Amino acid sequence: MTGGRIIFLNGTSSSGKSSIARELLDILDDGVFFHMAVDSFGAMRTRRELGPEELDTALRLTRMGFHRSIAAMAEVGNDVVVDHVLSEPWRLLDCLAVLPGEDVLFVGVHCPLDELVRREQARGDRPQGLAAHQYELVHRHGDYDLECDTGAADPRACAERIKGFLPARPTPTAFMRLRENG
């Protein structure tokens, strides 16, 4: 059985990852893709109030489960668009450990900070300042196969760029290079 392809979108909250993922599902025509978003996994968690330590543990375990779910989907041949925020170094390290690096197209989703703040305020469903807090963290590993800027291009244009790049993804991929240098 051939493993599925993984298009891994990494960027801050409100950077446009989910919008790009939705556009990708509309335009990718060479397989069946599934959008897996870290926010969706968090939304499955119990609603009772958790203390700080219990919440930290729950968040870590949720993200670890999310990473392994991506791997399981790809392992049986599903193509996956991942929507994630790699704001803590262990998250990337865990993904590097469990995802098949040769099958991952790692895409950095950038957006200017002032636009992130504007989007965050307009959405109203995120803690104010979350995107600013994540801004310096999510891209610090510094290596992608492809990068897009949602401040300069709309989600459809970013998706078209990713679709065009997908057949020519590099070898070694960014995930493979990061694993080697890790």
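This is a predicted model: local features need pLDDT of at least 70, side-chain atom pairs count only at pLDDT 80 or more; totals for chains, interfaces and linings use all residues.
## Charges

Side chains of opposite charge can pair when their charged atoms come close. Across the whole structure, 12 salt bridges are found.

One of the salt bridges joins the side chains of Asp30 and Arg5, with an N to O distance of 2.8 Å. This pair links distant parts of the chain, 25 residues apart: Asp30 sits in the loop between α1 (17-27) and β2 (33-37), while Arg5 belongs to the segment before β1 (6-10). Asp30 has a relative accessible area of 46% and is partly exposed. Arg5 has 16% relative accessibility, and because buried means under 20%, Arg5 counts as buried.

Asp29 pairs with Lys163 in another salt bridge, where the closest N and O atoms are 3.5 Å apart. Here too the pair links distant parts of the chain: Asp29 is in the loop between α1 and β2, and Lys163 is in helix α7 (residues 155-165), 134 residues apart. Asp29 is exposed at 63% relative accessibility, whereas Lys163 is partly exposed, with a relative accessible area of 26%.

Glu88 is partly exposed, its relative accessible area being 34%. Arg91 is buried, with a relative accessible area of 8%.

## Fold and dimensions

The protein chain has 8 helices and 5 strands. Starting at the N terminus, the order of these elements is β-α-β-α-α-β-α-β-α-α-β-α-α. The radius of gyration is 16 Å, close to the 16 Å that the globule rule gives for 182 residues, so the protein chain is as compact as a globular protein of that length. Taken along the principal axes, the box filled by the C-alpha atoms is roughly 45 × 35 × 30 Å.

## Burial, contacts and surface

Of the 182 residues in the protein chain, 43% are buried. Among contacts with a separation of 6 or more, 81% are between residues 24 or more positions apart.

The accessible surface of the protein chain is about 9100 Å². Carbon and sulfur atoms account for 52% of that surface.

Note on methods
Residues are numbered from 1 along each chain as its sequence is written. Side-chain values use heavy atoms; hydrogens and water are left out. Helices (H or I, at least four residues) and strands (E, at least two) are DSSP runs, numbered from the N terminus. The radius of gyration is taken over C-alpha atoms; the globule rule is 2.2 Å times the number of residues to the power 0.38. Buried means under 20% relative accessible area, exposed over 50%, partly exposed in between (1.4 Å probe, protein chains only). Contact means heavy atoms within 4.5 Å. Accessible areas come from the Shrake-Rupley method with a 1.4 Å probe; for residues, only the protein chains shown count as cover. A salt bridge is a side-chain nitrogen of Lys or Arg within 4 Å of a carboxyl oxygen of Asp or Glu.
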